[in-house]
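Subject: Structure handover

Hi there,

Here is the structure I promised to send over. Please open it alongside this message, and I will walk you through what turned up.

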Amino acid sequence: AVDNAGNQSEYICSQGVVLDTTKPVINNVVEPSVEDSTLKDTNAEVTFTASENGSYSYELKDKTGKVVTQGTNDITAETESVISLTNLSASMTYTLTVQVTDIAGNESEVKTITFITQKTMPVFAENPKIQGTYGQKVTEMELSKPESTNGIVGTWTISTDTEDIPSVGTTKEYTVLFTPNDMDSYATVTVKVVPEVAKKAITITVDNKEKTFGTANPSLTVTIPANALVAGDAEADLNLTLSTDVTETTEVGSYAITGTYDNDNYNVTITNGTFTVKKASAKEIATVKETYIYTTGSNNTLVSVNIAEKLPSNCGTASYTFTSEEAILSDIAINNGTLTYKVNAGEKDATGSITVTITTKNYENMTFVVEVTLTDKFIVKVQDGSNVQVADGKTLTYGDMLNSLTFADVKFIEETTGKEV
């Protein structure tokens with residue numbers, strides 16, 4: 001190098017200069033597309049990468065060749081760049097050119113992309129709703145039809161021929177389509193909608209049941225009206241639980257049968273049933289037969305018979321009424337389940353009877369009868385456990401008199417009454 005005064009520098013020698021003449025390449029271009037929502041009526045989006053660092057420039061023209069927009073931006077090698085194009089016209093053909101310049105100033109081939117914006121899109125403040133009740137097909141449900149905010153008139157439809165019956169709380173989406181009346185000028189709109197499904201209200205009736213006191217309970221059941229359940233559903237799906245307070249020992253009366261259920265698709269009203277416990281068949285009570293000497297009767301003494309102890313222990317509360325025949329019986333009364341009466345003196349072989357009707361909580365009416373006979377002597381028998389035998393084990397020798405024997409004490413009872421005599 002030589003300055004203005006003629007001074008000369010020392011010589012410097014390099015090993016040479018390397019010049020970059022390689023053109024950058026535009027790769028991985030993704031053109032605007034309706035399917036991925038990068039192409040609409042008033043905007044579009046293009047993505048791409050470049051092989052080198054540098055910058056890119058783009059220019060957008062409409063179908064008349066008028067430049068709509070242009071710009072430049074830095075780019076990093078192999079990193080996605082996005083060109084967002086806005087304020088476009090609907091249904092318009094556009095041409096976008098893109099070129100990359102690397103740091104050395106090398107320019108790529110010009111990439112040309114042509115696209116047509118969609119027709120004017122109807123705009124809505126809210127999505128439509130699918131609303132219905134469990135049991136309806138999705139195509140039978142009510143579809144709300146919001147109006148577009150940009151004045152485009154059209155029709156909403158559920159775009160499916162499915163036979164699906166959505167459950168309450170479903171998360172499955174269904175396609176709903178808005179079709180403009182003027183399809184030449186305006187685009188259709190497709191949205192995904194999850195149905196709002198309400199529970200189906202049904203009423204079921206718990207069947208009335210009955211049984212006889214002291215027997216096992218029958219199975220508890222319900223009646224479900226025809227077509228109340230959705231096709232394919234069964235009673236078991238309701239997870240019904242039926243209950244009653246009635247057990248084998250529950251007394252006669254009427255009791256409730258109630259129910260609960262567990263199912264997300266139904267709102268079930270359960271009409272309670274009635275469990276009726278009926279009286280058991282009457283138990284037979286043996287007739288009491290008594291004999292008295294006709295000249296004295298019972299000697300003006302009250303005779304008592306405990307009727308209550310003859311009844312089943314589980315008969316429940318009891319009440320008593322009586323009728324009597326013949327004048328030899330008097331002062332008849334029943335208190336706390338005990339029958340009392342007097343036997344009057346009368347003609348030999350005269351008879352009388354008392355018939356007691358017993359009404360209890362748990363059994364059909366039972367009948368107890370006392371039969372009395374006046375006689376001149378009692379018929380007796382040896383009491384159980386007592387035996388007629390010679391005292392002290394003595395025996396007779398030939399020639400001895402019978403009256404020489406003595407007998408051990410023996411207990412006798414009236415044959416009819418069992419009274420010891």
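In which sense do strand S3 and S4 pair, and over how many bridges? In this predicted model, strand S3, made up of residues 54-62, runs antiparallel to S4, and eight bridges link the pair. If you want a spot to look at, find tyrosine 56, which stands opposite asparagine 73 in S4.

These two strands belong to an open sheet of four strands with antiparallel pairing, in the order S4-S3-S6-S7. Strand S4 (67-75) and strand S7 (111-116) form the edges, each pairing on one side only. From one strand to the next, the twist averages 15°.

Next, the nonpolar cores. The largest one has 61 residues, and the members that touch the most others are Ile130, Leu339, Tyr341 and Phe368. Strand S27 (residues 366-375) is the biggest giver to this core, with five residues. Another core, of 20 residues, lies apart from it; Ile26, Leu39, Val46 and Ile113 are among its members.

Two single residues also deserve a look.

Is lysine 342 buried or exposed? Lysine 342 counts as buried because its relative accessibility is 16%, and the cut-off for buried is under 20%. This lysine sits in strand S25, which covers residues 338-343. Its side chain makes a polar contact of 3.0 Å with the side chain of asparagine 300. Setting aside residues up to four places away in sequence, lysine 342 touches Ser298, Asn300, Thr301 and Leu302, and also Ile328, Leu329, Ser330 and Asp331.

Then there is proline 24, in the segment before strand S1 (26-30). Proline 24 has a relative accessibility of 3%, so this residue counts as buried too. Which residues does proline 24 contact, leaving aside neighbours within four places in sequence? The list is Ser51, Glu52, Val100, Asp102, Asn106, Glu107, Ser108 and Glu109.

Best wishes

How values were computed. Residues are numbered from 1 along each chain as its sequence is written. This is a predicted model: local features need pLDDT of at least 70, side-chain atom pairs count only at pLDDT 80 or more; totals for chains, interfaces and linings use all residues. Side-chain values use heavy atoms; hydrogens and water are left out. Two strands pair if DSSP finds at least two bridges between them. Axes are lines fitted to C-alpha atoms, for helices over the stretch in contact, and angles run from 0 to 180 degrees between N-to-C directions. Buried means under 20% relative accessible area, exposed over 50%, partly exposed in between (1.4 Å probe, protein chains only). A polar contact is a pair of N or O atoms within 3.5 Å; within protein, one must be able to donate a hydrogen and the other to accept it, and residues adjacent in sequence count only if both atoms are side-chain atoms. Contact means heavy atoms within 4.5 Å. A nonpolar core is a set of buried Ala, Val, Leu, Ile, Met, Phe, Trp, Tyr and Cys residues joined through side-chain atoms within 4.5 Å.
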